[in-house]
Amino acid sequence: MPIDKNTLTLKTLQLLEFGSILQRLAVLAMSEEASEMILRETPLDDPAAVAKIKEAVKAIIARMGEENDPKRYLPAIGFLLQRLGVEGICLETGEACAIGLFAERGGELREWLLPQPVFAEMLGEVPPCGEVAAAVFRVMDREGKLRDLPELRAIRQRIQKLKAALETAVSRYTGDEDTRRMLQSSLPSQRDGRTVLAVKANFRGRIRGIAHELSSSGQTVFIEPEDVVEKNNEILIENRKLDAEIRKIMLDVTKRIAQYGEELKTFHAAILSVEVLMAKARYALETSGTFAPDNDLSRMALVQARHPLIKNAVPIDLAMETAPKGAETRALIITGPNTGGKTVALKTAGLFAMMNQIGLALPAAEGTALPVFDGVFADIGDEQSIGQSLSTFSAHITNIAGIIAHCTDRSLALLDELGSGTDPQEGSAIAMAILDRLIEKKTRLIVTTHHGILKNYGYSRQAVENASVEFNAKTLSPTYRIITGIPGESRALEIAGRNGLPADIVSRAKDYLDSGHSDVSALISGLKEKHFELDALTEQARLEESRLRDDRRSTDLKALRLRQKELELKAGLAGKLRLLLDESRKTLENLVRELREGELSREKTLKVKDFLGELARTVEAEEAALEEEERAIAEERRRAENQAQRGAASHGEAAGMFAPGMEVYAGEQRRRGVIVRKGKKSSGKDGAGSAWIVEIGSLKVSFPERELIPAAPSPRLRPSVAVDLAAQSAARGEINLCGMRLDEAREELRRQVDAALLHGLGEFAVVHGKGDGILQKGVHDWLKNEPAVADYFFSRPELGGFGRTVVILK
């Protein structure tokens, strides 16, 4: 009978030390209850649920980038909420204070997260429970001490007066020389809440009163003097009244809290879930981890993965994608020397899969990808058991039988030293049969072994890939680097010699090796050399591709600058032409007026000719200036093209192009936004460590620099052009013509239309009033004949009605 799935899963969690990860995560929670929830977590097998958790954690990290983490302790109140339903329950002050603090701080955390859309959906329906905190802290402070309420003040004052009278009565005994010698101590004592005197036993008859206790030595009698008894009684009565009043107050507070019992339970569960997510966000920032993207089962890759429980762990790369033989890789067989890192690689892959399935960031580089498995099963280490009569081999086979029974095409199986613990030939045969069965089930496999025949199996079997841990032959030490596509040598003789086995024994062992093994070793060494050459070529190609991307980016930026400059030139030219036309129109109007008012003379004719000549010269000068600018732009474009062809642009030029206030396209959706400030540095394989906070609409989001593309700024006039147009009216959303003569109103309207066209304003309003309707009719007649006007109509009654006209431009 195979091991059941739950037992097998729990065993795998222990083998991979998943509990240690949960313990590290639990420390980062600000609530004991949230820590307990974390310690009970197990990997999820629903991809949608895992994606939702990671989305929430990323949103928290983004929020932390905008505002610091509100780390505030949340007291445990779960057991108190269960008691609220009991009839007549009265909470202690400390218990009520804990509920109040949880409601207050949980509400603050809720408000802190609501700006993030994912939490607006998650917490939007959760009641804030601010009334609970208000009810609690109306009667006590945040340390659980009752406030100076009117109903308690009078009783406390009476108790203070009685205590003062009691101290006076006691001081008559401790301050008198005759009675002080009868006392063991000049300080009074307390017995059962009553003030007594420590009297020497031989003077017990000298002070009349009630004897409460005799010391163990018999030398001291604790006596309550007769004149102190009544005062003690009065204080005791007032204390009972105070306790009764406090209980009355706490019953009222408990009743108010209990009214929100169901809301509190919902609120409590939601805030604890959020605090678990907060701990995961803190873990991601603490480890500088990366989230594996959501994907199907077709790809599994670890890039610069560091085992989170090993100090100074060596990063490893491990990939299971499409095999060279064309089929998808379902099994990876890792071979190589002992202490080379095979088992660590196995544990890293399994632990990363489990961490990913509770929504944790992984200590790895960008490019890491993991499916969501329905089960992760491992057979690692020596599980020999004398009590259960299990040898090493039997223990391995028992575990593997359970793995075979429960694995599916969505499972991950990790088998360490497959086929070991028995005859090598038979062990290899069993190992290959096990691999056949699991591959038939399309289970994803990572296997370590020393059996040479399994190396050949990796070459000859579809969907199987060989890999090895690298070994430095010069230093006789492992490098812990995983090389995919090449099997590894066990290097048992070298390691044995390095660990103290006598040299003559090592030499004799070499003599026993047949030549066939030497041939295989030489073949493997040759394959490794070829692999290193291929790696060098691949790295060279990657660097060349990166350089070409930088060249392309630099060229695009230069082209963008040219387009921006062209836009500015056009805007400047339009402004200058408008200014020239305005000035020419005024001059011509003056000349026409002079001609109409008087007779035509030679002097007036020369003045017109001079004006026309000056106008022609001005136009020619503007055309020359424009041609000069066009030549400059053409020259700059030619230099940019030559530079792109030579590939001389540097990465630093592109990297330094971003600055606050710059408009960019951000993210995969290329949303337009404005850079607000530089963000926190992010780690990545490509070295693009800079990040920027970009404002998109009402949201501020952090993006890596590599996801930003400069955008052409929104069209606007340069400052120099604005100066040239200073004489003109600025485009306004509404102009008021009331009080103007009709000619003045038409001129003002003409200037508004010109300015609106220049500034891209497509709609504005004209206030002309109702009055006699002369101004209204004149405005409408002018608009009717103006080519730039597409439509015009009266405003809605609440906006002015017949006294206000809305103008739509073409």
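Exposed residues Q425, E426 and E440 sit on the face of α15 that is turned away from its buried side. In this predicted model, the buried residues of the helix are G427, S428, A431, I434, L435, L438 and I439. Viewed down the axis of α15, these buried residues fall within an arc of 130°, and they therefore line one face of the helix. An α-helix has 3.6 residues a turn, so residues three or four places apart point the same way.

The length of α15 was also examined. The helix comprises residues 424-440, 17 residues in total, and at 1.5 Å a residue should span 24 Å. The end C-alpha atoms of α15 are 24 Å apart, in agreement with that expectation. After α15 comes K442, for which phi is positive, near 60°.

E245 lies in helix α11, which runs over residues 226-258. Although buried, E245 has no salt bridge. The nearest side chain of opposite charge belongs to K248, at 4.5 Å, whereas a salt bridge requires a separation within 4 Å. When neighbours within four places in sequence are left aside, the contacts of E245 are with E151, L152 and I155.

A search of the whole structure returned 0 disulfides. C90 has a relative accessibility of 14% and so counts as buried. C129, at 3% relative accessibility, also counts as buried, because the cut-off for burial is under 20%.

Definitions and conventions
Residues numbered from 1 in each chain as written. Predicted model: local features only at pLDDT ≥ 70, side-chain atom pairs only at ≥ 80, totals over all residues. Heavy atoms only, no water. Helix = DSSP H or I, 4+ residues; strand = E, 2+ residues; numbered from the N terminus. Buried < 20%, exposed > 50% of the residue type's maximum accessible area, 1.4 Å probe, protein only. Lys, Arg positive; Asp, Glu negative; His and termini not counted. Contact = heavy atoms within 4.5 Å. Expected span 1.5 Å × (residues − 1). Arc of directions from axis to C-beta. Disulfide = S-S within 2.5 Å.
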